[in-house]
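Subject: Structure for you to look through

Hello,

Below is the structure I said I would pass on.

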Amino acid sequence: MKRGLPIAIIVLTVALIAMATIQPKQLSPARSPDGAVRSLFAQVKARDYAGAFSYVANAGDTTEQAFAQDLAGRDGGLRTYSSLQAADTKILHATDDEALVRATLEYATAVGAFYNTRDLKVVKQGDRWKVVWPVTKQANVPPQVIQENYLRWDVITRGARDDWGAQNVEAPRVRIISMNAIPQGNNTIIVGEVENEDTVPGFVSVGATLVGASGKVLGSETSFDKISHTLLPKEISPFRIDFPKVRLATVNSVRMTPNSLLVPASADPVIGVLHQRVEVDSRGRHVLRGELLNESGEIVNIPHVLATYYDKSGKVIWVSDGYVDQALLPATPVPFAVDLRDDLAPQVQSYRVTVNQYMLNAKD
Amino acid sequence: MTHNPGAALIIGLVASCLCLGASASELHVPASVTAGSGLSISASGSGTATLYVIGPGTAIKRKVELGQAIQLSADDLQNAGRYVVSLAGDSATFFVTAGPVHAIAFLARPSRVPVDTPNVISGTAFVFDKYRNLVLEPQTVKFELSANGQTVSHSQMTKDGIAYTKLDSSKKEGVAQFVASSGPASVRRVVQEVASDPCSIRMNAAPNQQGILLRTDPIRDCAGNLVPDGTIVTFTATDSEGKSTVDARIRQGIAQAELPASNNATISVASGVVVGNEIQWRGDR
């Protein structure tokens, strides 16, 4: 009896280690439609794309590599810097051998949480359910030469050897052309637009200070990434500054501080925003959709969409933004969608979309 | 570092009264000398004494022989201003004045100006001698603004070492050379004269393989200058599929963009607050 317990513990330990290290070669088949979707994304979360591919019904329509690129990203896009955190599933409708399952995916990315909703068709093959993966055929740009006449601004700044009278080149003139303070629950949101009125590019940021009764400062914030920081001549960017837990009713005045720096910049790339329209998505929320078209010859790795909404008097009533998790290849449209507050949607008379971009091999 | 010539003088005078072995002396110094030139001081009497010289940024203490000429070198008298000499109970003052103009500090503002604007460029010149003393004697400073082969010249006399002018920007855009000169000294600054907002925008549309090719006529300001490269021009097409926009950059006065094909679109163009013509697009025209 004295020897029995240690031996039992050793045997149990060996068994547990063996269970932990030896993985089954065959993944367990899905016995339900949402189980198939959950299993697929569980493998994606573990970055086992081969395992995830075993849950795909239409494996003949795509390749494992294309499937993996669809989920893991490519070309230095935002999704290549992300990892799947959670996947919630909901059966929208189901029959004995077919179902439609909504998967709400949450990715952790370099710019914060990123949400993606996919409605996936699931079919029964024999006794197991498999996902019909929507095949996205990415148009290949035919080999060609795209002529670029790069327009750049370089700056010679004042040097240490210059005499004290030598002036530096001045920062560009920027002006806030509209500003509006709006409430959102217990928060105060400052939205507006800033224009580079000068003939040189500028790195622009906007700060705001809320002042309450008797001149007490309620808070100071900046637009952070809710703005296009690099503004070319005559370019207008929206901005949004959020003040959490500051009620608009307590605000007496707002002090705005636009800042600008003269920076070297390039006028490329040009990104077209096509077919913009406000729609109601499958969840019943208002979204502004469209496509982005990279009209230059270089890949834009991380596009950032900023949308400005105006009421019938032309006043800015909301600014929303969203990152696109796909890189923009030359001459290849990529869809985008940004949220629009449902309570403001009826007031929206017009809107304007601008695109901020980050390039891995940017020259500036 | 701060100087207190009054306190130094008192200390010097007290010290000079304490010197021994010297008979009474009488100092002879010129009323003024030019910075960087030496000075000879004659003092009567006999024996040795301690010489004190106190001036702006200068304090000299030296044993000297009375009855002989005392030399102060050019290096001793570089800074302009009032100097006090004290020797064996006697003291005298003299002034060091700035030498001829050797350098100019030139402030030209701003670095960029719109064309055809009166009194928009300011130039301020400070004239200095070889030892960075401000030359207080009136001097002539010539301001020259050269742009596009045309030169505007304006001369001003300095007052207390400073000359100031205001000049108009020229009618044509370009890089203007702004020069201030006085005697052998000359300093150049660069002022960029830039075009103003577009006066009007006119675009044309034509079908191409990708859709609609939009191209503006050369965009000029109201003085006829091409609007600077890189200025944003926004083309907008609205049809049944929604609104499509492209923020194109002006290159050599012209902006162009491609918008998707459409059978019935309203196309507009704008830059900043200036709106151009509108085109009703019907498929191929």
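Helices (H or I, at least four residues) and strands (E, at least two) are DSSP runs, numbered from the N terminus. This is a predicted model, in which local features need pLDDT of at least 70, side-chain atom pairs count only at pLDDT 80 or more, and totals for chains, interfaces and linings use all residues. Residues are numbered from 1 along each chain as its sequence is written, chains are lettered from A and ligands numbered from 1 in the order in which they are written, and side-chain values use heavy atoms, with hydrogens and water left out.

Chain A

Chain A has four helices and 19 strands. Its C-alpha trace spans about 90 × 60 × 55 Å along the principal axes. The radius of gyration is taken over C-alpha atoms, and the globule rule is 2.2 Å times the number of residues to the power 0.38. For chain A the radius is 26 Å, while a compact globule of 364 residues would have one near 21 Å. Of these 364 residues, 45% count as buried (buried means under 20% relative accessible area, exposed over 50%, partly exposed in between, with a 1.4 Å probe and protein chains only). Contact means heavy atoms within 4.5 Å. Among contacts in chain A between residues at least 6 apart in sequence, 65% join residues at least 24 apart.

Chain B

Chain B contains one helix and 23 strands. The radius of gyration of chain B is 35 Å, well over the 19 Å that the globule rule gives for 285 residues, so the chain is more spread out than a compact globule. Along the principal axes, the C-alpha trace of chain B spans about 115 × 35 × 25 Å. Of the 285 residues of chain B, 44% count as buried.

Two residues of chain A

Asn180(A) is found in strand E6 (residues 174-184) and is buried, at a relative accessible area of 11%. A polar atom of the Asn180(A) side chain lies 2.8 Å from the backbone oxygen of Val316(A). Not counting residues up to four places away in sequence, Asn180(A) touches residues including Ile189(A), Val191(A) and Ile317(A).

Gly77(A) sits in the loop between helix H4 (64-72) and strand E1 (83-94), and is buried at 1% relative accessible area. Its C-alpha atom is 8.3 Å from that of Val324(A), although the two residues are 247 apart along the chain. Leaving aside neighbours within four places in sequence, the contacts of Gly77(A) include Asn301(A) and Asp325(A).

Backbone points to check

Most residues other than glycine have a negative phi, and most peptide bonds are trans. The places below depart from that pattern.

- The peptide bond from Asp268(A) to Pro269(A) is cis, with omega near 0°; Pro269(A) is in the loop between strands E13 (265-266) and E14 (271-280) of chain A.
- The bond from Arg109(B) to Pro110(B) is also a cis peptide bond, with omega near -15°, and Pro110(B) lies in the loop between strands E9 (103-109) and E10 (112-114) of chain B.
- Phe224(A), not a glycine, has a positive phi of about 50°, and counts as exposed at 65% relative accessibility.
- Ala88(B) has a positive phi near 45°, and is buried, with a relative accessible area of 14%.

Regards

Key
Polar contact = N/O pair within 3.5 Å; in protein donor to acceptor, adjacent residues only side chain to side chain.
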